[in-house]
Amino acid sequence: MKRIIIVGAGASGVYLSILLKKNINDICVTVLEQNQTSLKKLLATGNGRCNLSNKNISIQSYFSDRLDIVEPIIHDFSMPLQMNEIGLYTLYHNHLLYPKSEQASSVKDVFMNEAKRYGVQFLYEQQVYQIEKKDTYHIYTNQDIFQADFVILAMGSEAGKLSGIYPQRYDILKKLQLKVLPSRPSLVQMNTKPALKELKGVRIKGTFRLLKGKECVHQEKGELLFTDYGVSGIAVMQLSAYMEPDTQYKLSIDFFDELDEKQLREYIELRQRKGYNHFYDGLLNHKLSVYFEKKNVHDVQKMIMLLKRFELEITGLRSYETAQVMKGGLSLEEVNDLLEIKKYPHMYAMGEILNVDGLCGGYNLHFALSSAYRVFQAIERELYVKNK
Ligand SMILES: Cc1cc2nc3c(=O)[nH]c(=O)nc-3n(C[C@H](O)[C@H](O)[C@H](O)COP(=O)(O)OP(=O)(O)OC[C@H]3O[C@@H](n4cnc5c(N)ncnc54)[C@H](O)[C@@H]3O)c2cc1C
């Protein structure tokens with residue numbers, strides 16, 4: 001009987017364990033997890049609703065050092081179909097895929113019910129700190145030593161503090177002489193200068209541009225929230241994914257993206273002719289109108305700049321604690337297109353431990369589960385397949 005050890009009971013690890021035990025005879029699948037329970041991060045996804053995937057899966061929504069390896073993996077996987085196979089009914093809300101229940105907890109229930117039904121063994125509070133290749137793989141934890149014919153690295157990342165914050169996950173890779181790219185937060189809030197504390201809690205819709213010098217690196221139409229440290233909201237999180245380390249950026253806010261500059265000029269001039277006491281009242285959220293009024297700007301061109309090209313210096317990103325994903329991790333130069341580590345036959349990596357991150361909108365869970373599916377296909381190819 002072949003022994004397979006999966007390191008990490010996150011979304012990718014648990015899903016792979018189900019696929020393996022459901023489809024392949026005579027294997028023993030053990031999942032080693034450092035936490036006291038499985039799927040802690042999954043429960044927090046999509047604000048507890050679990051945004052599983054996106055109708056528009058496209059490689060443009062991902063970042064990696066080898067997108068050519070990622071592309072077939074994300075496209076060869078249908079989330080609604082595969083979730084239905086294990087008993088999870090899903091529905092699109094516009095382009096975002098959620099469980100019908102809109103509860104991440106029901107995804108956890110389905111995953112764990114299936115894993116238990118097929119006899120996956122879960123061992124908790126087992127923190128892996130080293131893996132060695134001998135005749136078989138030896139996996140060392142804080143409690144024990146395990147041996148396996150196949151070992152799967154599914155240790156995720158430190159984002160959100162729900163999958164452990166210890167550097168062990170990267171140390172394991174480094175001890176195996178594998179290339180690890182430094183981890184840094186993505187899909188995360190920004191610190192700004194100034195931090196507009198007086199606007200704290202104000203939520204606006206508009207178009208937001210990430211500027212490097214004068215160049216617009218990326219723009220997002222959506223929602224932004226002012227906070228006491230800077231800015232948050234989906235549009236801000238998305239822009240954070242495009243930021244390179246050690247680079248100066250500015251955020252440019254277009255509060256009136258429904259009007260071009262000429263239309264806004266005409267509207268401002270019309271409004272000025274009407275002679276309102278408080279020019280910005282009725283145009284914007286009250287806190288914003290008070291903020292702009294204090295600036296005492298009356299020149300039309302300068303008012304257009306304020307309303308359509310309002311700039312804040314980005315002084316940095318918030319930390320991994322509030323990030324949804326981390327960039328960096330195991331370089332894809334170390335794996336083949338089946339996600340097997342080239343230097344270590346029968347050792348695979350999947351999910352967020354790999355240097356792959358996606359935008360908000362279900363792209364990260366899509367990669368976690370589609371990469372698990374790819375690893376399952378690779379192992380199935382090597383082992384006996386059940387006659388159904
Ligand atoms: C707040 C929040 C909301 C999110 N919302 C969404 C969303 O709506 N849609 C979406 O697509 N993505 C979302 N994401 C991202 C998504 O959850 C992750 O990309 C995905 O869960 C990664 O799955 P994974 O299996 O690779 O790793 P994880 O889910 O991080 O699991 C890794 C597991 O490995 C364990 N582990 C780590 N190191 C060791 C070790 N040394 N020994 C033993 N065990 C170890 C961890 O404890 C953990 O259980 C969100 C993330 C956060 C933080």
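How many disulfides does a search of the whole structure find? It finds zero, a disulfide being a pair of cysteine sulfur atoms within 2.5 Å. This is a predicted model: local features need pLDDT of at least 70, side-chain atom pairs count only at pLDDT 80 or more, and totals for chains, interfaces and linings use all residues. Residues are numbered from 1 along each chain as its sequence is written, and side-chain values use heavy atoms, without hydrogens and water.

**View 1. Cysteine 216 and its closest cysteine sulfur.** That sulfur belongs to cysteine 360 and lies 18 Å away, too far for a bond. Cysteine 216 is partly exposed at 33% relative accessibility (buried means under 20% relative accessible area, exposed over 50%, partly exposed in between; 1.4 Å probe, protein chains only).

**View 2. Aspartate 68 pairs with arginine 66 in a salt bridge.** A salt bridge puts a side-chain nitrogen of Lys or Arg within 4 Å of a carboxyl oxygen of Asp or Glu. Here the closest N and O atoms are 2.8 Å apart. Aspartate 68 is partly exposed at 48%. Arginine 66 is partly exposed at 28%. The structure holds 20 salt bridges.

**View 3. Aspartate 257 meets lysine 221 in a salt bridge.** The N to O distance is 2.9 Å. The pair links distant parts of the chain, 36 residues apart. Lysine 221 sits in strand S15 (residues 215–226); aspartate 257 sits in the loop between strand S17 (249–254) and helix H8 (261–274). Helices (H or I, at least four residues) and strands (E, at least two) are DSSP runs, numbered from the N terminus. Lysine 221 is exposed at 64%.
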